[in-house]
Amino acid sequence: MRRHRLWAIVALFCVGPVLAADDSATVEKPRETCIESRRINGWTSESDRVIIVKVGAKQRYRMELSPSASIFNVDSQPGLAFIPRSNGTLCAGFGYVAVEGQRIPILSITRLPDPPAKVAASKPSEK
């Protein structure tokens, strides 16, 4: 009887590290995209539920809003307010856009590619 208990304990010690190794091999979830609300310096509307937010010099983010945004015609609003988390960041599920005194939840935030760099125009060569 004592030998059976001993083998059970030894088996747990052998299998435990293997199970822990399998956990580390799992695929990590992509990092949540968040925006520092104080760095927002403009926005444009793509539709009633999608706005493009400009952050810093050239970073752009696409924000998808809750379906309730269509009620307030977000694309025709002259001004929006961004209501961040307590740490000042806007994240999907943890930030809001305020329109006409109503909070509209942000469903997703996706960073858009940077615009292409402007190439300096070359002067025609003189002969």
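**View 1. The β7–β8 hairpin and its turn.** Strands β7 (96-99) and β8 (102-112) make a hairpin with 2 residues between them, and E100 in that turn has a positive phi of about 50°. Strands here are DSSP E runs of at least two residues, numbered from the N terminus. This is a predicted model: local features need pLDDT of at least 70, side-chain atom pairs count only at pLDDT 80 or more, and totals for chains, interfaces and linings use all residues. Residues are numbered from 1 along each chain as its sequence is written, and side-chain values use heavy atoms, with hydrogens and water left out.

View 2. β7 runs antiparallel to β8 over 4 bridges, with V97 opposite I104. β7 also pairs with β5 (residues 81-83), again antiparallel, over 3 bridges; there, F82 has V97 as its bridge partner. Two strands count as paired if DSSP finds at least two bridges between them.

**View 3. The largest nonpolar core.** This core has 19 residues, and I51, M63, V74, F82 and V97 have the most contacts inside it. Two or more residues each come from β3 (50-55), β4 (59-65), β7 and β8. A nonpolar core means buried Ala, Val, Leu, Ile, Met, Phe, Trp, Tyr and Cys residues joined through side-chain atoms within 4.5 Å. Buried is under 20% relative accessible area, exposed is over 50%, and partly exposed is in between (1.4 Å probe, protein chains only). Leaving aside residues up to four places away in sequence, I51 touches, among others, W43, M63, V74, L80, F82 and V97; contact means heavy atoms within 4.5 Å.

**View 4. Arginines over rings.** The charged end of R85 sits over the ring of F94, 5.1 Å from its centre. R103 lies over the face of Y96, at 5.5 Å from the ring centre. To count, NZ of Lys or CZ of Arg must be within 6 Å of the ring centre and within 35 degrees of the ring normal.

View 5. The whole structure has 4 salt bridges, each a side-chain nitrogen of Lys or Arg within 4 Å of a carboxyl oxygen of Asp or Glu. E46 and R62 form one, with the closest N and O atoms 3.6 Å apart. E46 is in the loop between β2 (40-45) and β3 while R62 is in β4, so this pair ties together parts 16 residues apart in sequence. R49 and E64 meet in another (3.2 Å, N to O), linking that β2–β3 loop to β4 across 15 residues.
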